[in-house]
Amino acid sequence: MEEMKESLIEFTKTPKTFSYKGQTYSFCISLGYAEYPNNAIERSLLMRCADVALYEVKLHGKNGLWPIMKDFSRMFVNNLDLC
């Protein structure tokens with residue numbers, strides 16, 4: 001799992017570009033993730049946890065990788081029923 005996380009971190013940090021009608025545009029990748037069964041067992045809850053993690057990436061400057069934290073996901077299960 002750690003090897004996969006490292007490759008995803010490298011992927012998000014590598015500059016990305018695409019060309020369209022002669023113009024080159026740059027963009028960044030933001031990934032949020034949740035781990036089964038650590039963060040949630042049900043698919044819909046796991047997706048919500050990953051979505052929360054994605055918003056955390058964006059709040060911290062984009063262009064990165066952010067896991068949902070175990071305690072954070074438990075807080076949502078107990079208090080907000082999000083993940």
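Q: Before we start on this model, what does contact mean here?
A: Contact means that heavy atoms lie within 4.5 Å. The model is a predicted one.

Q: Which residues does Glu 35 touch, then, leaving out those up to four places away in sequence?
A: Glu 35 touches Met 1, Lys 5, Ala 40 and Leu 46.

Q: Where is Glu 35 found?
A: Glu 35 sits in the loop that runs between strand 3 (31-33) and helix 2 (43-59).

Q: Buried or exposed?
A: Glu 35 has a relative accessible area of 17%. Buried means under 20%, so Glu 35 is buried.

Q: Changing topic: how many aromatic pairs does the structure hold?
A: The structure holds two aromatic pairs. In one of them, Phe 18 and Tyr 25 are stacked, with 5.3 Å from centre to centre and 25 degrees between the planes.

Q: And why is the pair of Phe 18 and Phe 27 tilted?
A: The ring planes of Phe 18 and Phe 27 are at 55 degrees, with the centres 5.9 Å apart. Planes under 30 degrees apart count as stacked and those over 60 as edge-to-face, so this pair is tilted.

Q: What do Phe 18, Tyr 25 and Phe 27 form?
A: They form one aromatic cluster. Phe 18 is partly exposed at 43% relative accessibility, Tyr 25 is partly exposed at 36%, and Phe 27 is partly exposed at 37%.

Q: Which residue lies over the face of Phe 11?
A: Lys 16 does, at 4.2 Å from the ring centre of Phe 11.

Definitions and conventions:
Residues are numbered from 1 along each chain as its sequence is written. This is a predicted model: local features need pLDDT of at least 70, side-chain atom pairs count only at pLDDT 80 or more; totals for chains, interfaces and linings use all residues. Side-chain values use heavy atoms; hydrogens and water are left out. Helices (H or I, at least four residues) and strands (E, at least two) are DSSP runs, numbered from the N terminus. Buried means under 20% relative accessible area, exposed over 50%, partly exposed in between (1.4 Å probe, protein chains only). Rings of Phe, Tyr and Trp (its six-membered ring) pair if their centres lie within 6.5 Å; planes under 30 degrees apart count as stacked, over 60 as edge-to-face and the rest as tilted. A charge sits over a ring if NZ of Lys or CZ of Arg is within 6 Å of the ring centre and within 35 degrees of the ring normal.
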